[in-house]
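Subject: Structure for you to look at

Hello,

Here is the structure I promised to pass on. Please open it alongside this note.

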Amino acid sequence: MAPAEPVRPVARRITAAVLGLVILGIYIRTLAPTVAGGDSGELITAGYTLGVLHPPGYPLYTLLAKLFTFIPIGTIAWRVNLLSAVCGAAAATLLFLAVARWSGSVWGAIVSASLFAFSRRVWPHAVTAEVFALNNLFIAGIIYLTVRFSGERSADATAGRRRHVVACVLFFWIGLGLTNHHTLIFYALPAAIFVLLDPTLREPRRIGTYLLCGVMGLLPYLYLPFASARIPLMSWGDQTTVSGFLNHLLRREYGTFSLGIQKQGPDLPARLAAYISGSFADLLWIAPIPAIVGLAVWIRRPTRPLAWCWAGAFLFFLLAFNSLANGPLEPGVSRFVEGRFWQQPHLLVCVFAGLGLAAMADRLGSTARLALPAVALAIAIAQPLINFRDQDKSQSVEIHDFLKATLDSAPKGALLLEQGDYMFHGLRYMQIVERYRTDVRVLDQMVLGYPWHQRLARKYFSDVTFPGTQMLPTPQHAREYDMKSLFDANRDRTRIFLCDVNLWEDARATYTPWPSGLLDEVLLKAREPALTEWIARGRDSFAGVNVDALRRTPEESWEHVALKYFWKQMGKHALSLGRWGGEHGNETALRRAAEVMEIMLAQWPEAPHALHRDLGITYQQLAQTDPSLLVRMRREFEAYLRDAPLSDPSVPAIRQILEQGK
């Protein structure tokens, strides 16, 4: 059976424009209105202030984000989120054009674009500030340009010139894309090899031209030293020196060929298995099947070098990237973070799925061709309909409100030491972009460990005393200092609080963290918090969090991370109050501890089972003045014993208490 007639270029372009606008419209409808989790706060703030992002710097994204901040509607965060939507829609449009041109089928191309654009792995990063939508745009552009190059088959001089022009654009596009995300290299190398295999383009002069085009694409990296010289508050590293610039460009602080500093996750087979299962779940459970068909068919057609190029790129990415990846992969936000990098191979799965559907329609005859539009539209509509509710971020303000509550938990002028990407970046966003609670001096534990932080300290933290250049757990040199030294230098001028930070060994002998809501106040061992303020601060801090909204978010989300932190802090607060109340015989503290623990057991399905034991002990102490509470004590002890670990030494004592109370 002969293939269907290719669609006319004008019709293809019109369809692409309409499809791109529809996708963009849906993205805008579901666009997050404010800051999200992860790197969102950093990306928005660096774009707004023309700062320097974490390695390797993402200069192109920063400059584009700055341009979008000038849009005269919406908040600054909404405008930068819109950049992701535009890039995501443009990526899907280029994906459509590539598949339509390659296969000659508009319907197969529509399936490819819709499956990809509305995948549950792609959609979240197209409606929040992230670098991945822009990376998808560059990968889709590379695929489209290789398809254009492959289509210039004729041997005449005009076709040769067109191939040369396409090659120039391709190498410039690759260079430009590498100023956004280095994972582009997994697709850039196969594409470059594919183009350079053309013997007519391997002349030294032409190769020099392509290299020059690639270097011109890299020019946005010149932004980094100029931006770094200004020392914006939202900036990472010092790129004003050659070594500093190379450290940043090569990601030496993270590990040049890894995603993080330490290996925390599974080996290659486990990562590949996770991706394969994820590709089915993310792509409507069907895309990998026609993708396999598409690959099997198109490696036998005249464009087989192109098919082998992108099949090779797919395998290259999966094997190389997953060999280098070193992050955790357990369910939750760790899987979400790793899954961000699945978007790129998903794009190729969607390409081959569209090619496969077009090929199957050709093989099965005219009836299948007539059915293809219906099948394509069904798939194209099903993907966004199925995922719309989960991916609609238009009302997602949970992270923003949680960050606000975190800052509100600190008194005026407090020094706040925190750690964690979503917290650090988010608090910077709140203070720099929204100008909220700028009186709180926020320091990041990890950033204090880099010597370049001194530039920021001198310019922005003149009211904070830094005992040296780097804060490290075990100082080795004269200018290095530990956590205790930081507290010693600042405790007399301001109150010190911690956010998700544990005291280092050096500070534990001198200081005690007192959980006071979302934050822990650091006090000298000889001091204790004022009970009335301690209880009130904790009550007000927890009341500022919309727990119901956080509870409705999926396990893989940053909102769920915030929810777990909320419950952890509430538990620490309750146990501290209970311990203090027991030691001092203070009924007020004990009653507040019992109240908090009751709330946790009623509202937190994953509450630790030991909480029943702790609540029982609290009621036992309160029962000394109010015997009616013995009933509650028995209830909690019995609940604990139903599933108590045999290794708990308190179990015999609890059994004895219950026996005596009969």
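Below is what I found, one region at a time. Keep in mind that this is a predicted model.

The strands. Strand β1 covers residues 415–418. It pairs with β2 in the parallel sense, over four bridges. L415 stands opposite R441 in β2. Between the two strands, the chain passes through helix α19, residues 421–432. This β-α-β crossover is right-handed.

Now look at β2 itself, residues 441–444. Both of its faces are covered. R441 and L443 are buried on one side. V442 and D444 are buried on the other. The general rule is that side chains in a regular strand alternate between the two faces of the sheet.

Helix α29. This helix spans residues 651–660. Which of its residues are buried? They are V651, I654 and L658. These residues lie on the same side of α29, because they cover an arc of only 65° around the axis. They pack against α27 (610–622) and α28 (630–641). The face turned away from this buried side carries exposed residues: P652, E659 and Q660.

A loop residue. P331 sits in the loop between α14 (304–324) and α15 (333–339). Is P331 buried or exposed? Its relative accessibility is 61%, so P331 counts as exposed; the cut-off for exposed is over 50%. P331 and M234 are 97 residues apart in sequence. In space, their C-alpha atoms are 31 Å apart.

Best wishes

Technical notes. Residues are numbered from 1 along each chain as its sequence is written. This is a predicted model: local features need pLDDT of at least 70, side-chain atom pairs count only at pLDDT 80 or more; totals for chains, interfaces and linings use all residues. Side-chain values use heavy atoms; hydrogens and water are left out. Buried means under 20% relative accessible area, exposed over 50%, partly exposed in between (1.4 Å probe, protein chains only). The arc is that of the directions from the helix axis to the C-beta atoms. Contact means heavy atoms within 4.5 Å. Two strands pair if DSSP finds at least two bridges between them. A crossover is right-handed if, with the strands pointing away from the viewer, the path from the first strand over the helix to the second runs clockwise.
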